[in-house]
Amino acid sequence: TQSEERREHADALVRLGREYLAAEGGTGSVDGFLGFLQAALRNDDGGVTSDDAVELLTFHRAKGLEFDTVFVAGVERGLVPISYAKTTDALDEEQRLLYVALSRAERALHVSWARRRTVGMRVANRTPSPWLSRVERAVARLDGRAIEEPVDPSQRIADARRRVADAKGAASERTHPARDLSDTDTSLYEALVEWRRRISHASGAPAYVVFHDATLVAVVEAKPKNRRELLNVNGIGPVKVERYGDDVLALVATHRATR
């Protein structure tokens, strides 16, 4: 909301003010602070500099953007997922937002949480997000390492909910429109499903976050030849075209060549 964004901006301004005072030895001026802001955040053209500045974004604002290096901070219980997200749908949305934040990094990703956080005049002890262990396990799989399963009871509950959701998804797949595809189109659909499974396994994200089953069927039916045609497929937007478009188009082209 607008009030939340204003509070975030105010907090960022306070932090920058403290950095300025620390750099100036505890003294400073309004003009000096303005100069500090301009040098730290923006170049002469008004744009964010590429070497010594950062972009401060919420998970929502990060959608569709990509950066060489990303720092995702505050991955703590009560923030990720947010404390008032209680229903399955709300928790699913929180997980999608976390996936958005984590997947903004092209080369390097840093994830952190605070042991203590100051809110107003109160200092509160914090604990890591129950989802952080999922990120650790995904990284371990990519590195070929084994990692112990979490013992956090809330994590076990969350995992159980996810297994129920996956089971529902598997049940819906058995009655999916893909059963009506021709034999040749079925082979393309199965190739896309296998590709999606590999992407899902590597990223640690649910398969439906990559592409929904209905979207894969729509790709099979449309058989797009380029990114423009892929954008016309229901369920595919610019971000997914940028992230997965080349792989999908290559599979479609291979299937077309072997027909």
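This is a predicted model: local features need pLDDT of at least 70, side-chain atom pairs count only at pLDDT 80 or more; totals for chains, interfaces and linings use all residues.
Two strands pair if DSSP finds at least two bridges between them.

**The hairpin**

Strand β3 covers residues 116–119, and strand β4 covers residues 122–125. They pair in the antiparallel sense, over four bridges. Two residues sit between the strands of this hairpin. Gly120 takes a positive phi there, near 65 degrees. Arg117 stands opposite Ala124 in β4. Arg117 also belongs to a network of salt bridges, linked with Glu76 and Arg126.

**The parallel pair**

Strands β1 (residues 67–72) and β2 (residues 105–111) pair in the parallel sense. Five bridges join them. Thr69 has Ala108 in β2 as its bridge partner.

Which residues touch the most other members of the largest nonpolar core? They are Leu192, Phe211, Val219, Leu230, Ile236 and Val248, in a core of 23 residues. Several helices supply this core. Those that give two or more residues to it are α6 (183–203), α7 (207–210), α8 (213–222) and α10 (238–258).

Val248 shows how the packing runs. Leaving aside residues up to four places away in sequence, Val248 touches Leu192, Trp195, Phe211, Val219 and Leu230.

A second core is separate and has eleven residues. Val75, Val80, Ala85 and Leu91 are among them.

**An arginine in α6**

Is Arg196 buried or exposed? Arg196 lies in helix α6. Its relative accessibility is 5%, so Arg196 counts as buried; the cut-off for buried is under 20%. A polar atom of the Arg196 side chain lies 2.8 Å from the backbone oxygen of Phe211. Phe211 is one of the core residues that touch the most other members.

**Salt bridges**

How many salt bridges does the structure hold? There are eleven. Side chains of opposite charge can pair when their charged atoms come close.

| Glu93 | Arg96 | 3.3 Å |

Asp246 lies in helix α10, and Arg227 lies in helix α9 (residues 227–231). The pair therefore ties together parts that are 19 residues apart in sequence. Arg227 counts as partly exposed, at 30% relative accessibility.

Glu93 and Arg96 both lie in helix α3, which spans residues 88–102. They are three residues apart, about one turn of the helix. Glu93 is partly exposed, with a relative accessible area of 31%. Arg96 is partly exposed too, with 33%.

Glu194 and Arg197 share helix α6. They also stand three residues apart, about one turn of the helix. Glu194 has 32% relative accessibility and counts as partly exposed. Arg197 is partly exposed, with a relative accessible area of 46%.

Terms used. Residues are numbered from 1 along each chain as its sequence is written. Side-chain values use heavy atoms; hydrogens and water are left out. A nonpolar core is a set of buried Ala, Val, Leu, Ile, Met, Phe, Trp, Tyr and Cys residues joined through side-chain atoms within 4.5 Å. Buried means under 20% relative accessible area, exposed over 50%, partly exposed in between (1.4 Å probe, protein chains only). Contact means heavy atoms within 4.5 Å. A polar contact is a pair of N or O atoms within 3.5 Å; within protein, one must be able to donate a hydrogen and the other to accept it, and residues adjacent in sequence count only if both atoms are side-chain atoms. A salt bridge is a side-chain nitrogen of Lys or Arg within 4 Å of a carboxyl oxygen of Asp or Glu.
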